[in-house]
Amino acid sequence: MSSVPRLVIAAPSSGSGKTTVATGLMAAFAARGLAVSPHKVGPDYIDPGYHALATGRVGRNLDAYLCGAELIGPLFAHGARGCDLAVVEGVMGLYDGAAGEGELASTAQVAKLLRAPVVLVVDASSQSRSVAALVHGFASWDPEVRVAGVILNKVGSERHEAMLREALDASGVPVLGVLRRAPQVDTPSRHLGLVPVAERRAEAVSAVAAMAAQVAEGCDLDALAALARSAGALSGAAWDAAEAVESPTHDHPTRSAGQRAPVVAVAGGEAFTFSYAEHAELLTAAGAEVVTFDPLRDEQLPEGTGGLVIGGGFPEMYAPQLSANEPLRKAVAELAFGGAPVAAECAGLLYLARELDGQPMCGVIDAKARMHERLTLGYRDAVAVSDSVLAVAGTRMRGHEFHRTVVEPGAGASPAWGVRAPERRVEGFVQHGVHASYLHTHWASEPGVARRFVERCLTS
């Protein structure tokens, strides 16, 4: 049973100011001495980095498409364990979810699953009385979604604020905050969204501090905290990595006497910032020692590396530096060609290719990668085509693609996945102990992935 007070911060559309308000609230509550649990609806890897800065805790994702609706409550309770309050930042517009899937993966669905009140952040910069119609529409659209407050963002003046408040008086939805335009809270963006914290830490710290100050000054924190306490209790146990990797039909990975835990090296640093915290937790629970390394700076893999995980990120921004680290590229290639388990997603795929935008990479995968003008974005239903270190052929998983690069060819002789939508195709590479693909997956949905990976580390 989880009764952690919680709020969902939503908006009518993207660009309304959800990240500013959610991150500012997290930091403002943390400044009051509260242990704040940060969460993000959807597959986004970048916003949780700013949430972590604001709270000092790991930012966690809640994605009903990737993990299934049944895991939203348990994953939330896992992240919020021991906290005084939780803030959940929504995705896109309140009712926007996976294309063609109704409410699935929407902020509204997650709010209902969490029995949490919703605070709607409205960009009021180009409206006055119409704000009441907009708020009324969102509050009444789904009676199961409790839109319990509004924060007005980008308000131009005191007169503008008065007009907005007057319009909302009859809506029945209280105004819990008013924020003026504040350029110091802006965070720079590029081709895949905000620039990650790891690439601009000093500036990010300043931006989060500015968000906290703006929210503390413009919002009624006491009223918001009281609203959070009105959330309904959640039944069921919190997700637990150790329980997840156990299987009634499969023994837990075991080591022979004297055999040390296999070291699984996980890429990090500025070029590889996309990861879900649960992946490392599952690997650890399955018996691995997880060690992070930085492909931009470390010239060797961690001592004793028996397996390698290279997640997503922005290698295209650092291709010359990654290429210049020739000792590490050779170490990665030697490990991969030696048959050790290697799991690479998106950015990891690019790093394992022969080259990226003309810069030599690890050469593990016989393919070339380059930037592309078209953005590839969306959820995917996938089935494993080939037996690999992650899954046996036929295993079904859901994933997410988000990149502005292309790899040629897009699949090897033994593809990783068969993907449905937007068109049926195979993609990715399975060879030696390597599983490399554009598809981002959330291993909490299929914990056997981590168990199988660690088993291969023990036997390779």
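Reply: Angles of 65 to 115 degrees count as roughly perpendicular. The model under discussion is predicted.

Me: At what angle do helix α4 and helix α5 pack, and how is their arrangement classed?

Reply: The axes of α4 (residues 72–80) and α5 (residues 107–114) are 9 Å apart, and the helices pack at an angle of about 75°. I72, G73 and F76 of α4 make the contact with V110, L113 and L114 of α5. These residues divide into 5 nonpolar, 1 polar and no charged. With an angle of about 75°, the two helices are therefore roughly perpendicular to each other.

Me: Which strands stand at the edges of the open sheet of 6 strands?

Reply: The sheet shows mixed pairing, in the order β11-β10-β12-β13-β21-β20. Each edge strand has a single partner, so one side of it is left without a neighbour in the sheet. The strands at the edges are β11 and β20 (429–431).

Me: Which residue of β21 is the bridge partner of A343?

Reply: Strands β13 and β21 (residues 434–437) run parallel and are joined by 4 bridges. In β21, the partner of A343 is H435.

Me: What is the volume of the second largest pocket, and which residues lie nearest its centre?

Reply: The pocket's lining divides into 24 nonpolar, 13 polar and 2 charged residues. Its volume is about 950 Å³. Of the 39 lining residues, those nearest the centre are F272, T273, F274, S275 and Y276.

Terms used: Residues numbered from 1 in each chain as written. Predicted model: local features only at pLDDT ≥ 70, side-chain atom pairs only at ≥ 80, totals over all residues. Heavy atoms only, no water. 1 Å grid on protein atoms, 1.4 Å probe; cavity = no way out; pocket = protein on both sides within 12 Å on 5 of 7 lines; lining within 4 Å. Points joined across faces, edges and corners; volume = space filled by probe spheres on them. Nonpolar A, V, L, I, M, F, W, Y, C, P; charged D, E, K, R; others polar. Axes fitted to C-alpha atoms, helices over the stretch in contact; angles between N-to-C directions. Parallel < 35°, antiparallel > 145°, perpendicular 65-115°, else oblique. Contact = heavy atoms within 4.5 Å. Pairing = 2+ DSSP bridges.
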